[in-house]
Amino acid sequence: MSLASRDEKFVARVVELQSNMPDHLVCDAHADREKLARDWLDETRDLDRWKLIERLLPIDLKKSKTLEIGSGVGTFVMAGVRQGLSVDGIEPVKELVELNNERLQQEGISADVRVGTGEHLPYPDQSYDLATSFQVLEHVDDPQQVINESLRVLRPGGYIFFIIPSYHSFWEGHYGIFWWPNLHRYKPLMSRYIRLMRRDPAYADTLNFITPQLLHEAVSKAPIKANIENLGYEVWRERLYKKMPAWGYTSRLLRVVEIARKLRLLKIVEVLGKRWEFYTPIIFVCRRDS
């Protein structure tokens, strides 16, 4: 089977798996599931994630052990192992883990990817140097417990690196619509707005509305001491002036950013974004105390 036909086979299987999964683990009903499947399988995004980790964290990835929480179809794990990195994955959906391991086997790649949740990581204390997740924390049952468990399995001086949509921003990426910061605090108004945008508000009921403030509170409550070192403002600022990655529905947001650029409003957006913390996504970098 050619590489192209094999990739198409995996796209079809991921779309089928999505159809059999609860919507809150995938997307709301309006989403283009084929595009979502292609995004999940595209190694380009995950190579960019590895480059961003290498840039933002003062660690040697070649000498580090990484855990991905919510590994999905395994693309991030694959991209890391191809570079000679030690990467494990955990994913709550059994069928995705099976597909994940099938992809690894076909590529001749060895990695430990197993079924489990971020709230109950099946690993000993101080097993990893880096815990990662991407667009996962807003979907888990208990964000506080996921952070607690991530810190537990980290060695002293290890890092959490999570990328999370911010609900203190003007963009909701799952729906692909503009948002009002902290709209989730006003549930009836939020539901009416989502309906006005021709979306199903039931999906919003499945989300955790993560904000910078919530993360500060979660780290302060964690039983293991840690410090937040980054929330992603600088990366967001750079992307305002450069081309943002256009995954999911980001292309809609990019059109608005381009209008702001032509109107010479980006500096105002930059200043207000920092002051009011409405940048997105959050790049949550948290270091466990030594």
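Which residues form one aromatic cluster with Trp180 and Trp236? Select Phe170, Tyr233, Phe278 and Tyr279 along with those two tryptophans, and you have the cluster on screen. Keep in mind as you click around that this is a predicted model.

**Stop 1: the largest nonpolar core**

Next, pick Leu137, Leu215 and Phe284. Of the 38 residues in the largest nonpolar core, these touch the most other members. To see where the core draws its residues from, colour the elements that give it two or more: strands S1 (65-69), S4 (128-134), S5 (154-164) and S9 (282-288), plus helices H6 (143-153), H8 (212-221), H9 (233-241) and H10 (250-262).

Now zoom in on Phe284 and show its surroundings. Setting aside neighbours within four places in sequence, phenylalanine 284 is in contact with Ile160, Phe161, Phe162 and Ile164, and also with Ile147, Leu215, Val219, Ile228, Asn230 and Leu231.

**Stop 2**

Phenylalanine 76 belongs to helix H4 (residues 75-82) and phenylalanine 134 to strand S4, so the pair ties together parts 58 residues apart in sequence. Both Phe76 and Phe134 are buried.

Then jump to Tyr175 and Tyr203. Here the centres are 5.5 Å apart and the planes stand at 90 degrees, which makes the pair edge-to-face. Tyrosine 175 is in the loop between strand S6 (171-172) and strand S7 (177-178), while tyrosine 203 is in the loop between helix H7 (187-196) and H8, so parts 28 residues apart in sequence are tied together. Are these tyrosines buried or exposed? Tyr175 is buried, with a relative accessible area of 1%, and Tyr203 is buried as well, at 4%.

**Stop 2**

Centre the view on Leu265, in the loop between H10 and helix H11 (266-276). Why does Leu265 count as partly exposed? Its relative accessible area is 35%, and partly exposed covers the range between under 20% for buried and over 50% for exposed.

Technical notes. Residues numbered from 1 in each chain as written. Predicted model: local features only at pLDDT ≥ 70, side-chain atom pairs only at ≥ 80, totals over all residues. Heavy atoms only, no water. Core = buried A, V, L, I, M, F, W, Y, C linked by side-chain atoms within 4.5 Å. Buried < 20%, exposed > 50% of the residue type's maximum accessible area, 1.4 Å probe, protein only. Helix = DSSP H or I, 4+ residues; strand = E, 2+ residues; numbered from the N terminus. Contact = heavy atoms within 4.5 Å. Phe/Tyr/Trp six-rings, centres within 6.5 Å; stacked < 30°, edge-to-face > 60°.
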